[in-house]
Structures are given as structure tokens and as C-alpha cells.
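Visitor: I've got the model open on my screen. Could you walk me through it?

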Amino acid sequence: MTTRIDRRMAKLKSEGRPALVTYFMGGDPDYDTSLAIMKALPGAGSDIIELGMPFSDPMADGPAIQAAGLRALKGGQTLVKTLKMASAFRAGDDETPIVLMGYYNPIYIYGVDRFLADAKASGIDGLIVVDLPPEMDEELCIPALKAGVNFIRLATPTTDDKRLPKVLENTSGFVYYVSMTGITGSALADTAKVAAAVKRIKGHTALPVCVGFGVKTAEQARIIGASADGVVVGTAIVNAVANVLGPKGEKTADPAEAVATLVSGLAQGVRSARLAAAE
Amino acid sequence: MNKPAMPNSFRTGPDEQGMFGIFGGRFVAETLMPLILDLEEQWNKAKNDPEFKAELQNLSTHYAGRPSKLYFAEGLTKHLREVSSAKGLGGGAKVYFKREDLNHTGSHKINNCLGQILLAKRMGKKRIIAETGAGQHGVASATVAARFGYPCVVYMGATDVARQSPNVFRMKLLGAEVRPVTAGHGTLKDAMNEALRDWVTNVEDTYYLIGTAAGPHPYPELVRDFQSVIGSEARAQMLEQEGRLPDTIIAAVGGGSNAIGLFHPFLDDNDVRIIGVEAGGRGLDGVEHCASMSAGSPGVLHGNRTYLLQNGDGQILDGHSISAGLDYPGVGPEHSWLRDSGRVEYVPILDDEALEAFQLTTRVEGIIPALESAHAIAHAMKIVPKMDKDQIVIVNLSGRGDKDVHTVAKMLGMEI
């Protein structure tokens, strides 16, 4: 069974370029604005969309994504609304893969079976749940795979060769390599180390490897894209939204346009990178 | 038989996955998994190593001042017997205090910190981080870090920094860096988030010294094991002093480390009634309380599944308690399991009731209890007058209340 993620990754491989994976926070600063941002992403050059589910206690996120989550929750965002947003997007775009990203508790409270059925119906293709390591696979990963939803796992610099097979075992769609230990939005890691890590992971899996944490500019996207199958950008996009919000949350410019401008630049960077395999 | 069969023992958890029934587990980011597995391995080795046990024993005796006393609270007992007579009941059980307030640093927190600093040393870590609510755990962490020569960073909610200023100063004197956390309500939950962010960033050299019996496996187990010295001592002391076990034991529950420490050695003594006291704050009707087991539901936060205060969307609520140490919207996973299995009762005590117990204990015993411990005493004040005179209650006096005098003065409308 192939998913939109598999199909998109195969297509990009045949084109010989890495994917641009864009994260934004669902509901930030409000539902309508956020949906407009989501709709603008494919046209600006995003290949895969990560739709952030806000959580009150995002333990692995830095200040930018914490603040975005709080803005979204204050704006009334819930998991129900995040799924509704995916449906609304899907009505106009049946190709671009959507990956939901967040923490487990809202899903657990929603109910795992009900969540998977509703996510599938909303056109969700994959899940990244930060606080579900392979040791907790029975919770959501296995049910998701059975439901035909990709479960994308994070691999990190602390995931050594001994542990990698366990991390990769039930992973599908792609592997998300977190390029450093730390929270989202920190400084970019040493790019030579990132390339070596991607090579190491590829020695264990045929899945595409996308790299995130710390990528902010087109130039960084180009460098990372030279060795990885995809480049994930999150904090920079969330900041682009924050930058056009005034002290009281009022919009000083169009957030969707601000995000589109940033993503277009990043897309150029990614597209100028050649996959090592294609050279 | 409609009732589920009781387990043969309540003392065998957690299982290999770190679960107490459906509670507990390892809900953490992948970055932390190798560390948690390493900690588990080191802990399993250490707990059976005579050298480790001897070193901890030596420090407990000569540095922390253990064993702590089991003290017959004659003044409080007399007072509650008068209350009982006035109600025409003519009863009133004997009340004993387990005096964890007499430990070095003034609370039970030192028991766990000594154990964990020895683990950090074995693991070759170079830096200690901790979270703190009331500052008791922060002070104990800063103390062992000073004693063993480690740099120490303590995360503390900004609200707690303000209401527990004496402890903040103590930590600074001990050489620790106190980092105030302004997110959320600026309480223990927010401090724990920030400590986890530090840990995930500095995994190579940093040991996270968790202060309560919560978090990802193996923390709930190892903190419980280090704190179980409270109950083991109390059980032996009671047998020696009264020749029998107590009828009821009571402890305050925030995250639940002092409570699980007292309870665990008594769990299989079926005739001993065990009561955990949660922070009822300003009442369970609204959101201004921290009674996660009385008014919450199971969810996943800070690495474990446990009872939490949360809304219908799975967002965690901030809660409220007069006591910074109980101001946490969750609880250790073993307590959640003990609640559902029915072995332990969990009840709420309001801010005002705790304040009254604080004042009464100070007056009739000459002991200023921590506001956390005052919650446990407040519940004893409710049930002891209804008990018989030949019955016995142990209350865990988990810490001393010097740190709380500013909060209490403010509540009473006094200037100091």
C-alpha cells in the first residue's frame, strides 16, 4: 500500500532533488489565517506539509514553537479543528502529503481508534508524535500502520547503531533525522556531521531520510539538501508568522504572504541542491 | 464475584516496561531514550551493589541524619481528643509524626538526592539539573551538588520563586544557579518542562535529578526506592514503640514522593488504612485545585501516563495550591495505580484547612510544618476524633515550614 508520502518521495527521487518539508502550527494565530497559510504552501514550493497540533506543554520545543502553540490554543484551536483544517485543505489539493506533528496526550484523550479513523478521513497521510518512542509502539504506531497511516519516527544523534534498527522497525514514509540534541529552533548543527549521520541511517534503511532542526535559510537548505532526501523547516516559518503580528496579536501584514515568501526562497535553495545519489 | 481479584502483592511494580497497570511508561522524545535506558541499567546494577548501598547508608546516617524519629504527637493527640469529647464521641486516636522535617535540608527530599547523586557519579555525569516547586527538592539537589562538587542548575517557576524566596536564597548560597520559568502559571509543571528541554539539549554530560516519583521509567521506581526508607523505618519504629502496626497512615501527595516513600513498605499490610492527601486548593468545583486523582482523568505528560488535570482537548490545566510543593496538575504513576486498585484512598484538603492545621500544629506541638505536610495533618484532624483511643495514626511530616512563613503571613494578612 503506498501513501501520498511514498508517491511524492518517489517522484522527487526521479527528479533528482530533495523534498522541502514545511512545518507550521495549526490554528496560529487563528483558524482562518492558518488555513490560508496551509493553502499557500504547495504553490510556494513545499513538497510535504507538517501540520502542527498545539499542546499546552511542548517539552521538546523551543520558545518560537511554544509561543505559536499558545497563540493557537488561545485562538481556540483543538484537535477537532486541526483535522477540520486538513479536510478543508484536502478539498482543493489531493496530492500534497500532510503529516500531523505534535504530542500524544490530545490524541490519547480523543481516543486512538476514533482519531485514526477521523485523521484518515481528513486526508492525513502520516504522524509524527514526539513523545512516543519505539518502546511505546503499541499505543499508536502499530494501530496507525494497520490503519494505513505512516508513522514517521525521529532519529537523533543519540540514536546509535545498536538502537537504530529498533527505531526504524515500524517507521514508514520517511525517517526524520533531528540534526542535533536539543529543542526546536536552536542553531544549525555541523553540516559535515549531518551528512555522515544521514549516510549512517541510510545504511540501515531504504526509506528516505529528511533532516530538520536548525534550518532557517535557503543556503542552509541547499547544503543540507545535498546529502539528505528532504529538508524540514519549522521554526523559521513559525517566526515568519510571529513577525507580522503586533503586540496584541493584530496582523501587521498578511501571514500567508510572509510564509509564502520565505518558503519560495527555501524552495529555491532545496531545488539547487543535487541529491548525492543523482550526481 | 463482581470485584476484580486483588493482586497477591501491591509491591511488585513496575513491570519491565515501567508500567504500573496502565500507568507509567516511557513517553519521551527519542533523544532521551538512550539515556533513560542507560539510567535503568545503571540503577539495576547499583541497587544490588553492596558498595553502593554502603555508601548511601553512610551518607544517610552521618550526612542526612537518618533514621528520622517517629514522634508521638502528644499535644495534637490531646487536642483532638478534646475535639472528640466535645462532639460526644469520646475517642481520638494516638497521632505519631514521622519527622522527615528533622533531616538535613529540612525535608524528605534529601533521601532521593543522595541516592541519585551517587548514580550520577557512577554514570560519569558532569552537571546536575533539577526542577523544584516549593524549593525543597531544589535545596536538596543544590546541597548534594555542593557536597559532591557538581555545577547545578535548578528550574523553578517564577511564581514559586516569589513565594518561596528563602529557599531560592539557600540554593544560591549553595552555589546553584536558579533559573526562573515564566511559562504557564510559573509553577512546578512549567519548571519540569524547562528542565526536560535543558536535558534534551545537554544529554551528553547532564544528569536530570528528578525530585518526585513521576517522569519516565525508571524515575518513579528509583525515587520510590530511595524514599521507601521513610516507611521502612516508620514500620520498624512503630513495632518497637507500640508493639504493633498503625491503623492508618497519611501523607500529602503532590507528585507523591514522600507519600509513596511512607506507603510502599505498608502496601501489603492489609489492615493498615492508607490515605493520600491532595491539594484541594479553593475547592474542586472550579479549576483552582491540584487534586488530579480526585477530579482529573488519565493522560500522558512528562514521560508517564497518570491522572492529570486537563480539558476535553487533552490540554493540561495549571491548577492551584497554597502549597508550591503540591501545585502540580499530575501525580506519580504508582499513585494512579494504587488509586484505581483501591489499595490507597486519595482525598482533597482545601487551602484554608491546611492553613488551620499549620497554625494548630505550630501552637500545640511547637513544630512548624511545611504547608505540604500541613495538608496531611489537616486530614488527620478530620478523621482522628472519630477513631478510637486505642487506634494509631502516622502522619508523614515531610518537611519543616520555615520556608512558608511569608506565604502564611500573607494569607493571615500580616506583615513580616
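This is a predicted model: local features need pLDDT of at least 70, side-chain atom pairs count only at pLDDT 80 or more; totals for chains, interfaces and linings use all residues.

Visitor: Which residue of E8(A) is the bridge partner of A:Val175?

Guide: Look across to E8(A) and you'll find its bridge partner, A:Val209.

Visitor: Which strands of chain A stand at the edges of the sheet?

Guide: The sheet is open, with 9 strands in parallel pairing, and its order in chain A is E5-E4-E3-E2-E1-E9-E8-E7-E6. An edge strand has a single partner, so one side of it is left without a neighbour in the sheet. That describes E5 (150–151) and E6 of chain A.

Visitor: At what angle to E1(A) does helix H11 run?

Guide: H11 of chain A covers residues 235–242. It lies across strands E1 (19–25) and E9 (230–233) of chain A, and its angle to E1(A) is about 45°.

Visitor: Which element supplies the largest share of the side of chain A that touches chain B?

Guide: The contact takes 33 residues from chain A and 26 residues from chain B. On the chain A side, H3 (63–74), H5 (104–110) and E6 (154–155) each supply at least two residues. The largest share is 6 residues, and it comes from H5(A).

Visitor: What radius of gyration does chain A have?

Guide: For 279 residues, a compact globule would come out near 19 Å. Chain A agrees with that, at 17 Å.

Note on methods: Residues are numbered from 1 along each chain as its sequence is written. Chains are lettered from A and ligands numbered from 1 in the order in which they are written. Two residues are in contact if their C-beta atoms, placed from the backbone, lie within 7 Å. Helices (H or I, at least four residues) and strands (E, at least two) are DSSP runs, numbered from the N terminus. Two strands pair if DSSP finds at least two bridges between them. Axes are lines fitted to C-alpha atoms, for helices over the stretch in contact, and angles run from 0 to 180 degrees between N-to-C directions. The radius of gyration is taken over C-alpha atoms; the globule rule is 2.2 Å times the number of residues to the power 0.38.
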